[in-house]
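Biologist: I am new to this structure and would like to go through it step by step. Please show it first, and then we can begin with the terms.

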Amino acid sequence: MAILYQHKIQEQLHFIGKKANRPFISWSEEIDHVDPVYFFSLGQACSFRHRFYWSDRTNETVYVGLGCTYIIETEEKEQRFRTVETEWKRWMEQTASYSNGTDAVPIIFGGFSFDPFKPRTEKWRAFPHAKMIVPTVLLSLKNGKATLTVTMCSGQNEEIIKKIGMLIRLLYQEQKQQTSSLPPLITYKEVQKEEWIDAVKKTIENIRKGKFDKVVLAREARLSFADAIDPSVVLQQLREQQPFSYIFAFEQEGQCFIGASPEQLVKKEKDTCYSICLAGSIRRGKTLQEDEQLGKWLMNDEKNLREHQFVVQMIKEAIEAVCKRVQIPSSPQLLKLQHIQHLYTPVIGEKCRAASVLSIVEQMHPTPALGGTPREKAIKEIREAEPLDRGWYAAPIGWMDAEGNGEFAVAIRSGLLQGKEASIFAGCGVVGDSDPMSEYEETKVKFTPMLSALGVERDE
């Protein structure tokens, strides 16, 4: 069965490639359901240098991309979102799409740096200010259906077609559970811990002087392991441990940015858009009673409610700017995840006038939940005070289709895998009545999802 299916796909790709009259072709076919993490893992066996994984908070939409047919990349600071959008439209005009009875369309996937004006360190060399790719092979899992989309250059594609043939052959062999394991931890270091605490103290002073209302400061922990970390195993861990989060991974040049974010930035679906206000947090309790007490405290804590309201106001204004009607609850709810609980307010915008999801992302990033308020002053403070190159941490990551629909999450609860080493990141919102050690403890809680996914257990 696998061999027949492999030959069928290869023959169709040869046929379409010969008759295409545009530089690129995109061909889709409905396939039997496959495990998306298993599909991701096969990218390495088939020598695809780029891989990505995306699943939304409901796990109803999953995309896995292998290989890279086209790259949209820029180091521009001011126009990066518009450059990506313009280049994507231009590329689509050069592409002949064969949907083959499916509703699949090509997508681009990728992300952006948090602050293009912050000097970049060697750690993030593989991750420019904006990079989105068109995968060679895309697995789409939507509405209970699995679709394979192959996108490649017209003309000579023998090597790519052979790779795809190998992928199909491996895919329809007996699918086995991940047998790889996570290597033992060798060292764990909190990078520039004292400098970060000092930065929090100084920022609190500046807030009390009236310079800002809120500033988010992030920090890093660096881990080294006995062997190289397999991103597929970390993905599997995240999928099991964080079922109500966005699960994402973007691998290139042997480095993988990966995480499980609870925070949606924006989703555009035709003329409706969705966003989530997520700010104010506390750990989960060890017992049901303690958990309820902590949640009740969070729902009534003035500092966290004020921090949350900054985010609500900004996102409300951003959605109102592009939508005719906006629905927003009058008070926050609790979002309970495995290790942490947050104040949470959903926002729905109707009759959206925005041309694409990227144009909304440009307006919204960064929200006060990841930057602060007033926005420009807070970002400048982060740039100068924070002892960290955030790279893609806390920045938009997601996908967009040919119609401008798509979804972006905020890349928090994340880490950067680099061979035998990993950096993980966490931040917290600093306001006038913040306590530096309490903020430090909050970041330790926020490290927990990635530590757990890496197989590391630490006392909080």
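Modeller: Two strands count as paired if DSSP finds at least two bridges between them. Keep in mind that this is a predicted model.

Biologist: How many bridges join β10 to β11?

Modeller: Strand β10 covers residues 185–191. It runs antiparallel to β11, and one of the facing positions is Thr 187 opposite Ser 224 of β11. The number of bridges that join β10 to β11 is six.

Biologist: Which residue in β23 stands opposite Leu 223?

Modeller: β11 and β23 run antiparallel and are joined by 10 bridges. Leu 223 belongs to β11, on the side to which Val 215 and Phe 225 also point. The residue in β23 that stands opposite Leu 223 is Ala 422.

Biologist: Which residue in β19 stands opposite Val 215?

Modeller: β19 consists of residues 372–373 and pairs with β11 in the antiparallel sense. The pairing takes two bridges, and two is enough because the rule asks for at least two. The residue of β19 opposite Val 215 is Gly 372.

Biologist: How many residues of β11 are buried?

Modeller: In a regular strand, side chains alternate between the two faces of the sheet. In β11, Lys 214, Val 216, Ala 218, Glu 220, Arg 222 and Ser 224 point one way, while Val 215, Leu 217, Arg 219, Ala 221, Leu 223 and Phe 225 point the other way. Both sets are buried, meaning under 20% relative accessible area. The number of buried residues in β11 is 12 of 12.

Biologist: Which residue in the turn between β14 and β15 has a positive phi?

Modeller: β14 (residues 264–269) and β15 (residues 272–283) pair in the antiparallel sense over three bridges, and Glu 269 has Thr 272 of β15 as its bridge partner. The two strands form a hairpin with two residues between them. The turn residue with a positive phi, of about 60 degrees, is Lys 270.

Biologist: What is the bridge partner of Arg 283 in β18?

Modeller: 10 of the 12 residues of β15 are buried. β15 pairs with β18 (residues 340–352) in the antiparallel sense over 10 bridges. The bridge partner of Arg 283 in β18 is Ile 340.

Biologist: Which element gives the most residues to the lining of the largest cavity?

Modeller: The largest cavity has a volume of about 180 Å³. Of its 19 lining residues, the closest to the centre are Glu 263, Leu 278, Ala 369, Gly 427 and Lys 446. Two or more residues each come from β11, β15, β23 and α11. With four residues, the element that gives the most is β15.

Biologist: How many charged residues are in the lining of the second largest cavity?

Modeller: The second largest cavity has a volume of about 130 Å³. Its lining has 15 residues, and those closest to the centre are Asp 115, Lys 118, Asp 389, Arg 390 and Gly 391. By class, five lining residues are nonpolar and three are polar, and the number of charged ones is seven.

Biologist: Which residues have the most contacts inside the largest nonpolar core?

Modeller: In soluble globular proteins, nonpolar side chains tend to be buried together. The largest nonpolar core here has 81 residues. Phe 257 touches, among others, Trp 124, Phe 127, Trp 392 and Tyr 393. The residues with the most contacts inside this core are Phe 257 and Met 364.

Technical notes:
Residues numbered from 1 in each chain as written. Predicted model: local features only at pLDDT ≥ 70, side-chain atom pairs only at ≥ 80, totals over all residues. Heavy atoms only, no water. Buried < 20%, exposed > 50% of the residue type's maximum accessible area, 1.4 Å probe, protein only. Core = buried A, V, L, I, M, F, W, Y, C linked by side-chain atoms within 4.5 Å. Contact = heavy atoms within 4.5 Å. 1 Å grid on protein atoms, 1.4 Å probe; cavity = no way out; pocket = protein on both sides within 12 Å on 5 of 7 lines; lining within 4 Å. Points joined across faces, edges and corners; volume = space filled by probe spheres on them. Nonpolar A, V, L, I, M, F, W, Y, C, P; charged D, E, K, R; others polar. Lists of a residue's contacts leave out its neighbours within four places in sequence.
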